Amino acid sequence: MNSTRHYLRQWRENPVREILAGSVATFALIPEVIAFSFTAGVDPAVGLYASFVISIVIAIFGGRPAMISAAAGSVALVVAPLVQEHGVQYLFAAGLLAGMFQIVFGFARLATLMRYVSRSVRTGFVNALAILIFAAQLPHILAAGLTGYAVIAAGLAIIYLAPRLTTTIPAPLICVVALTALCSALGIDIPRVADLGRLPEGLPAFALPDVPLGLDLLNIIFLPALAIAMVGLLESLMTAGVVDDETGTPSDKNMEARGLGLANVAASLFGGIAGCGMIGQTVSNVKYGGRGRLSTMAAGGVLLLLMVALGDIVGQVPVAALVAIMIMVSIDTLDWGSLRRLRGTPALSNLVMLATVAMTLVSHNLSLGVLVGVLMSGVFFAAKVARMQSVRRNGDVYTVAGQVFFASADAFTEAFDPIDHDGPVVIDLTNATLWDISALSALDKVKARFAQHGLDVTIRGLDTAIPTPR
């Protein structure tokens, strides 16, 4: 009963604020979704339809209120070769299978593995994404010309000065309306949203992917679908973690995995590309007051309303206004505090953070950057724990303390010397923990070494040294 009451509260709190915050996220979605559609090699309508469907479904079934999910660049990079080689219908089939994978991941509680992603990796993820968001605007900025620069500057001025006059209406919304009206009234000739590609002309329609069923289909889509599922889930869970930190509230990561899977299944059945959490738009939503599920639904609902019912008006929005919003999002996304903390943070943590950023920027793949950061964190952690081991000898008694596992097993073995022993040897493991098969193999190797010299070995505390599975 309490969980139901809590869920309903996530819909009811401050509806006006939620809808306005979600509307801001909508304007932040439009340019990126269109750009990502081109990256994937599909029509912009495919990305925009997906963003609407995903937002509605994830608002209902997701585990992280206020998070914006839509067609995303990381997924677009994964599916581009599939679309190029086999066509858009195979994209829909792969998205359908990827959604099913994510639902299984959620029920298998694989999302709890996110607890093993260190703070340094999360910070690197956020900083890299901020840089990528800004870099995505560079083509528009470089092609803007003097007039475009003036409009971008005016947009940034409105975004940062408008809150001094009112906070009721989000500043980016004021920016879009004011600059659209100004450019139309003065006849300023600069690129508009309509110039970015064909916008949706109606509601998305339900349809099964038009592909031949059979093993050949599975051979084509299995690996792309698995990649979509893993990349999308990773980015969504990383984004959910950022929202957790920003709002000081917890979220259900496994529920989010299941919700994302349902959203991608639905998007694929309505002619859309698979998607995941979008941190830039999510940060924008949270910054302007989005805290509940209504803001997530509003982002998708307003997007469809703008594209279908008000498509002609939206088509007149200057691209420069959207660029100004995305520059603001990139500035707000970057963890400036992490730069100030570089001197006071352990060197290895800084190295992990910077490596995550560097790999992401080089590969333009957030998942690859996170993977490198996680692997480095694991190696550094193992090296640190391996040093938390000691073997002390007192006559024929060896006292072992600390952690024995694959990284410290060799040092453990080398600490025992069969020379200069007159009688039976005792190895006391009371204050030690043997974590894995490498540790047990090292202990067997030590016993064999003493046996070669005719020495008996007594092991104390072995039962307590081996952790009991829970």
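## The whole chain

Among the contacts that link residues at least 6 apart in sequence, 83% join residues at least 24 apart. The model on display is a predicted one. The C-alpha trace spans about 100 × 55 × 50 Å along its principal axes. Of the 470 residues in the chain, 52% are buried.

Next, colour the two domains separately: domain 1 covers residues 3–341, and domain 2 covers residues 389–464. Their C-alpha centres lie 56 Å apart.

## Stop 1

Select Asn 14, which sits in the loop between α1 (2–12) and α2 (15–40). As a general rule, most residues other than glycine have a negative phi. Asn 14 is partly exposed, with a relative accessible area of 39%.

## Stop 1: helix α7

Select residues 145–161, which form helix α7. This helix has 17 residues and reaches 24 Å from its first C-alpha to its last, close to the 24 Å expected at 1.5 Å a residue. Now show the side chains of its buried residues: Gly 148, Val 151, Ile 152, Gly 155 and Ile 159. Turn the view to look down the axis of α7; the buried residues fall within an arc of 100°, so they line one face of the helix. In an α-helix there are 3.6 residues a turn, so residues three or four places apart point the same way.

## Stop 2: Ile 228 in helix α9

Move to helix α9 (residues 215–247) and select Ile 228 within it. Is Ile 228 buried or exposed? Its relative accessibility is 1%, so Ile 228 counts as buried. Leaving aside neighbours within four places in sequence, show the residues in contact with Ile 228: Val 75, Val 78, Val 79, Ala 94, Ala 98, Gln 102, Leu 233 and Ala 274.

For a distance check, pick the C-alpha atoms of Ile 228 and Leu 262. These residues are 34 apart in sequence, and their C-alpha atoms are 14 Å apart in space.

## Stop 3: the cysteines

Cys 183 is buried, with a relative accessible area of 1%. Select Cys 276 as well: this residue is also buried, at 0% relative accessible area.

## Stop 4: the loop between α18 and β5

Go to domain 2, residues 389–464, and select His 421, which lies in the loop between α18 (409–414) and β5 (425–434). His 421 counts as buried, at 10% relative accessibility. Which side chains make polar contacts with that of His 421? One is the side chain of Asp 396, at 2.7 Å, and another is the side chain of Arg 393, at 3.4 Å. Beyond four places in sequence, His 421 touches Arg 393, Gly 395, Asp 396, Tyr 398, Phe 450 and Leu 455.

Now select Asp 420, placed in the loop between α18 and β5. Asp 420 is exposed, with a relative accessible area of 67%. Its phi is positive, about 70°, although Asp 420 is not a glycine.

## Stop 5: His 453

Finally, select His 453 in the loop between α19 (437–452) and β6 (457–460). At 42% relative accessibility, His 453 counts as partly exposed. Show Pro 418 and Ile 419, which His 453 touches when residues up to four places away in sequence are not counted. His 453 and Ile 419 are 34 residues apart along the chain, and their C-alpha atoms are separated by 8.2 Å.

How values were computed
Residues are numbered from 1 along each chain as its sequence is written. This is a predicted model: local features need pLDDT of at least 70, side-chain atom pairs count only at pLDDT 80 or more; totals for chains, interfaces and linings use all residues. Side-chain values use heavy atoms; hydrogens and water are left out. Buried means under 20% relative accessible area, exposed over 50%, partly exposed in between (1.4 Å probe, protein chains only). Helices (H or I, at least four residues) and strands (E, at least two) are DSSP runs, numbered from the N terminus. The expected span of a helix is 1.5 Å times one less than its number of residues. The arc is that of the directions from the helix axis to the C-beta atoms. Domain bounds come from an automatic or database domain assignment. A polar contact is a pair of N or O atoms within 3.5 Å; within protein, one must be able to donate a hydrogen and the other to accept it, and residues adjacent in sequence count only if both atoms are side-chain atoms. Contact means heavy atoms within 4.5 Å.
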